[in-house]
Amino acid sequence: MNTTFDFEKPIADLQGQIDKIKQVSEKTKVDMSETLTELETQLARTRKDIYSNLTGWQNVQISRHPERPYTLAYIEMICDDFIEMHGDRTVGDDKAIVGGFGTLNGETVMFIGHQKGINTKMRQYRNFGMANPEGYRKALRLMKLAEKFNKPVVTLIDTPGAYPGLEAEERGQGEAIARNLLEMSVLQVPIICIIIGEGASGGALGIGIGDRVLMLEHSWYSVISPENCSAILWRTWDFKERAAESLKLTAENMLKNKLIDGIIKEPLGGAHYDPATMASTIKDQILKDLHKLRSRDIDTVVKERIEKFCSMGVVVE
Amino acid sequence: MAWFKRDKKGIITSTEEKKEAPDGLWNKCPNCKKALHYADQVENKYVCHYCGYHLRIGSKEYFSVLFDNNQFTELFENLHSGDPLEFKDNKNYTERLQESYTKTGLKDAIRAAHGKINNHDLVIACMDFNFIGGSMGSVVGEKIARSIDYCIEHKIPFLMISKSGGARMMEAAFSLMQMAKTSAKLALLSKAKIPYISLLTDPTTGGVTASYAMLGDINISEPGALIGFAGPRVIKETIKKDLPKGFQTSEFVLEHGFLDFIVDRRQMKNKIGTFLQMMKS
C-alpha cells in the first residue's frame, strides 16, 4: 500500500521487520522461521487490534483512501453485463454521478452512484465526486426509467458533498436534491442504498432514500464533513478529529441511532486491501435484500420506506 | 476656533432624571439606516416605509401579518429537542438550547398554527431565525411532518415559511434525515392533492433549500431574500472569485426559474388568499 496512515505505523513497522528478516535469511541461508512466525502472529494481532478500535476520524481517513474502490469498479466486479447511460436530457452529463442497467445473476438492476477519479486527471474529470444538479437529475431520470420497467434500484454513495459552485446554484442544486428526496420516497420499485465511502450531507442523501440503507464498515455518513463542522464551530479545521467524534458519523453509531438498516463488513484494514472480496460481499448482500424486497407487495414496501424515514429524529413532548 | 464652547464636560443629567426609551420602540432599517418607529413597522407589515426593505421577522409577526384578525390555534406547541448525540462543542447542546429558550421565548426554530387567510382555512408552519440560526433539527422536521398530517386529515392547504441557515449540526445525521422525512410527507400531501405553498424568506439556505423549501406547488419569496443551497462564502472559496452582484437573491432565483413569483409583504396576504380561492373554485 502506498498510503499508510499514522495509526497504521505499528503495522508498517512490523511488516518492515518481517521483510528485512526474510531478506537476511535468504542471503545468509540461516533458518529464521521461528522468529518470522512469531512476528507474523504479532502482525496479525496488531492489525486486528488497530482496525477494530478505530476512532471516527480514522474511519474517515480509511473512507478516503486513494486506492479504495469506487462505484464503477464495484459495478464491474459485481455485474455480468453493464450498460452505462448518460445525461439528464436538459443540460448535460454529470461525470460525478454514473448510472445504468446491469445484470446481477440474471436479474436486471439499475445502478446509480457517485464516481470519484482514480488519478489526478480523473479526479478533476469526476469533480472529486461532487455532483452538480445535472447529476441528481440524471439519477432521477434513471430511477424513473427503472420504475417504468419495474427494475429495482441500487445506489452506491461516495461523495464529499454536492458541488458548491456558481453554476450549480444557477441551475438549482437545492431543487434537484429536494426533488430526488420526494420522488425516491414514493418510487414504485425496491431501492437499496449503500454508502461505500463518504456520505456527506444532502449530496449523499440526494440518492440515499431507500428500503435498505446500508453502510460499509469504514464509511461515514453525516450532515457535514468533520472539517467543515470544525470550521463552523471552531473557525478552523484543527478540530476535525473532535468534530468526527461529536458527529457520531461511523456505521456503528449510525446503526445504533437507527438511521441506517445495516453494516456490511469490510476486509481487515478496509475495502482497498481486498476489493474482490469486498465486491462479492456487497453482491451477496444486494441479492439477499433484493430477494426479500421482491417477495413483498410494492405498496407495503413503499409505505414502510416512508414510515421508516418519518420515524427518524428525537423529540421531547 | 470653535464658535461655541462647552462649559462643563461629560454627561451631567443625573440618573434619576434620565428618560428611558422603551426597548424596541425604535429600530434602524438595516438598508437605509433610517429610524423606524415600532408602531409604523407594525402598520407597514415590517417593511421599511422609506426604502421598502423587508425586515427579518419571526413566526409571531408572520402570523399577525397573514392570519385574519391574528387569530389562530397553535399546533404541536410542546415539542422540543432532545440531545440524542450528547453533542458538545464549546458549549453543551443542552446549554445552548436552554439559552435559546430564555433568549427567544421560543421552544424551537419553528411554530405551526391553524387559522384563516381571507376566510380560507390554512395551516402555516413558520421558522424562527432567532433560535439557533433557524436551524433544522428533529423538532423542525417533526412539526412540519405533523402539520402535513394535520393538513391531509383536515384537507387544509399548507403554507411553509422557511428562514434558516440549514440543518442543525448538533443533531448531525438526525438533522439530515429531517430532509428525507419532510420530503416524504410532502409526497403524501401532493398525492392527496392539497395545495402546498412554500414561502422562502431571508435567508433560506442549505438542507432546508434542498428539501421542503423547494418543493412547493408554488415557490414564492419576498424581495431581496437570500436563497441558495451552498452559502455565498463557501461558493466564493470554491470558485476563488467574487460573486456577481445580486447572486442568490430572490430576484436571481426567480430569473433562473425556481420561484413562481416574488411578492411584497404588504400584498402577500391577498395574493395567497387569491391563490387559495383559485384552487378551491
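This is a predicted model: local features need pLDDT of at least 70, side-chain atom pairs count only at pLDDT 80 or more; totals for chains, interfaces and linings use all residues.
I began with charge: the mean positions of the 38 positive and 32 negative charges of chain B lie 4 Å apart.

**Chain B overall.** I counted nine helices and 10 strands in chain B. The C-alpha trace spans about 80 × 50 × 45 Å along its principal axes. Of the 281 residues in chain B, 52% come out as buried. Chain B exposes about 13700 Å², and 51% of that comes from carbon and sulfur atoms.

**Helix α2 of chain B.** I wanted to know how enclosed this helix is. It runs over residues 59-66, and six of its eight residues are buried, so the rest of the structure largely encloses it. The buried ones are B:Ser59, B:Glu61, B:Tyr62, B:Phe63, B:Val65 and B:Leu66. What do they pack against? I found β3 (72-75), β5 (110-117), β6 (120-127), β7 (158-164), β8 (196-204) and α9 (265-280), each of chain B.

**Contact between A and B.** Chain A brings 48 residues to the contact and chain B brings 52. Together the two chains bury about 4400 Å², with 74% of it on carbon and sulfur atoms. How many salt bridges cross between chain A and chain B? I get one. The pair is A:Glu317 with B:Arg146, whose closest N and O atoms are 2.9 Å apart.

**Salt bridges elsewhere.** I picked out a few.

- A:Glu227 and A:Arg64 meet at 2.7 Å, N to O. This pair links distant parts of the chain, 163 residues apart: A:Glu227 sits in helix α10 (residues 226-234) of chain A, and A:Arg64 in the loop between α3 (56-63) and α4 (71-78). A:Glu227 is buried, at 10% relative accessible area, while A:Arg64 is partly exposed at 28%.
- A:Arg296 and A:Glu304 meet at 2.8 Å, N to O. A:Arg296 is partly exposed at 34% relative accessibility, and A:Glu304 is partly exposed at 39%.
- B:Lys236 pairs with B:Asp242, the closest N and O atoms being 3.4 Å apart. B:Lys236 is partly exposed at 42%; B:Asp242 counts as exposed at 62%.

Last entry, back in chain A: salt bridges with shared partners join A:Arg64, A:Lys116, A:Asp158, A:Glu198 and A:Glu227 into one network.

Notes:
Residues are numbered from 1 along each chain as its sequence is written. Chains are lettered from A and ligands numbered from 1 in the order in which they are written. Side-chain values use heavy atoms; hydrogens and water are left out. Helices (H or I, at least four residues) and strands (E, at least two) are DSSP runs, numbered from the N terminus. Buried means under 20% relative accessible area, exposed over 50%, partly exposed in between (1.4 Å probe, protein chains only). Accessible areas come from the Shrake-Rupley method with a 1.4 Å probe; for residues, only the protein chains shown count as cover. Lys and Arg count as positive and Asp and Glu as negative; His and the chain ends are not counted. The place of a charge is taken as NZ of Lys, CZ of Arg, CG of Asp or CD of Glu. Contact means heavy atoms within 4.5 Å. Buried area is the accessible area (1.4 Å probe) that two parts lose on being put together, summed over both. A salt bridge is a side-chain nitrogen of Lys or Arg within 4 Å of a carboxyl oxygen of Asp or Glu.
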